[in-house]
Amino acid sequence: MALSREQIAQRVAQELQDGYYVNLGIGIPTLVANYVPEGVEVMLQSENGLLGMGQFPTEEEIDADLINAGKQTVTMAKGASLFDSAESFAMIRGGHVDLTVLGAFEVDVNGNIASYMIPGKLIKGMGGAMDLVAGADNIIVTMTHASKHGESKLLADCTLPLTGKGCIKKVLTDLAFLEIKEGKFHLLERAPGVSVDEIVKLTAGELVVPDNVPEMQF
């Protein structure tokens, strides 16, 4: 079965390492804050000016003035700090983020990402996506493997306007965990109960499949 949004966030959280500074983008990435592994200390950054995001608040903890980049209410972890957007983007552009987790519409075999607009549809703006993909070396994209019409989002070439070129190395979808290298997708893991054949069928870009593809562990 395909992973839920929460399971995608759980699997991403396994990639967190002690001492990391991590930017969480809007959507599924924000859920990663709820699944930081026990014993791992990270500082989660929200581009609107919060370093040290905690888990999502309970009803008793909600503070309407404390929000993330997606306008969701959040909590602050011990040692958190607040600052303006200019300082936040200086941190991002200066390469001081160890891991960035983003959503996307499309990713291709060359590590290109399209994540900010679909022509003809209303958009609020690109936000900080271009800065994030340009300023980070370690990026994980979270997305559904295919559209609601069953069309692959993992392509030979992105068809939508690009957010960044050659910057994506890992993609975690609701079906699989993949690495991008040498102009190909490489299958690392599959979602529990999802067959390799299903992943191959829904991957439009060239896919390298090893002899053994383990299921994700949670």
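Buried means under 20% relative accessible area. I keep that cut-off at hand for the first residue I looked up. The model is a predicted one.

**Entry 1. His186**

I started with His186. Is His186 buried or exposed? His186 has 14% relative accessibility, so it counts as buried. I then placed His186 in the fold: it sits in strand β12, which covers residues 184-190.

Next I listed its contacts, leaving out residues up to four places away in sequence. His186 touches Phe177, Leu178, Glu179 and Lys181, and also Leu207 and Val208. I followed up Val208. His186 and Val208 are 22 residues apart along the chain, yet their C-alpha atoms are separated by 4.7 Å.

**Entry 2. The sheet of 10 strands**

I traced the sheet that holds β12. In what order do its strands run? The order is β4-β3-β2-β1-β5-β8-β10-β11-β12-β13. The sheet is open, and its pairing is mixed. β4 and β13 (207-208) stand at the edges with a single partner strand each, so one side of each has no neighbour in the sheet.

I checked some pairings one by one. β1 and β5 are parallel and share three bridges. Leu24 has Val101 in β5 as its bridge partner. β5 and β8 are also parallel, over four bridges. Here Thr100 stands opposite Ile139 of β8. β10 and β11 run antiparallel and are joined by three bridges. Lys170 stands opposite Glu179 in β11.

How many of its five residues are buried? Four are, and β5 is mostly covered.

**Entry 3. Helices against the sheet**

I turned to helix α1, residues 5-13. Which of its residues are buried? They are Ile8, Ala9, Arg11, Val12 and Ala13. I noted that Arg11 is in that list. These buried residues pack against β5 (99-103), β8 (139-143), β10 (170-173), β11 and β12.

Helix α2 came next. Which strands does helix α2 lie across? Helix α2, residues 85-93, lies across β1 (21-24), β2 (43-46) and β3. Its direction is at about 120° to β2.

**Entry 4. The sheet of three strands**

I found another open sheet, with three strands in the order β7-β6-β9 and mixed pairing. β7 (113-114) and β9 (154-155) are its edges; each has a single partner strand, so one side of each is left without a neighbour in the sheet. β6, residues 106-108, runs parallel to β9 and is joined to it by two bridges. Asp108 has Leu155 in β9 as its bridge partner.

**Entry 5. The core**

I looked up the largest nonpolar core, which has 58 residues. Which members touch the most other members? They are Val22, Val107, Ile113, Val141 and Ile168.

I then took Ile168 on its own, again leaving out residues up to four places away in sequence. Ile168 touches Val107, Ile113 and Val141, and also Gly111, Ile139 and Ile180.

**Entry 6. Positive phi**

Most residues other than glycine have a negative phi. I went looking for exceptions.

Lys71 has a phi near 70°, a positive value. Where is Lys71 found? Lys71 is in the loop between β3 (50-53) and β4 (76-82). Its relative accessibility is 64%, so Lys71 counts as exposed.

Glu182 also has a positive phi, near 55°. Glu182 lies in the loop between β11 (176-181) and β12. Its relative accessible area is 73%, and Glu182 is exposed.

**Entry 7. Cysteines**

How many disulfides are there? The count is zero. I checked Cys158 and Cys167. The closest cysteine sulfur to that of Cys158 is in Cys167, at 9.4 Å. A disulfide needs the sulfur atoms within 2.5 Å, and 9.4 Å is too far for a bond. Taken from Cys167, the closest cysteine sulfur is that of Cys158.

I also asked whether these are covered. Cys158 has 16% relative accessibility, so it counts as buried. Cys167 is buried too, with a relative accessible area of 10%.

Notes
Residues are numbered from 1 along each chain as its sequence is written. This is a predicted model: local features need pLDDT of at least 70, side-chain atom pairs count only at pLDDT 80 or more; totals for chains, interfaces and linings use all residues. Side-chain values use heavy atoms; hydrogens and water are left out. Buried means under 20% relative accessible area, exposed over 50%, partly exposed in between (1.4 Å probe, protein chains only). Contact means heavy atoms within 4.5 Å. Two strands pair if DSSP finds at least two bridges between them. A nonpolar core is a set of buried Ala, Val, Leu, Ile, Met, Phe, Trp, Tyr and Cys residues joined through side-chain atoms within 4.5 Å. Axes are lines fitted to C-alpha atoms, for helices over the stretch in contact, and angles run from 0 to 180 degrees between N-to-C directions.
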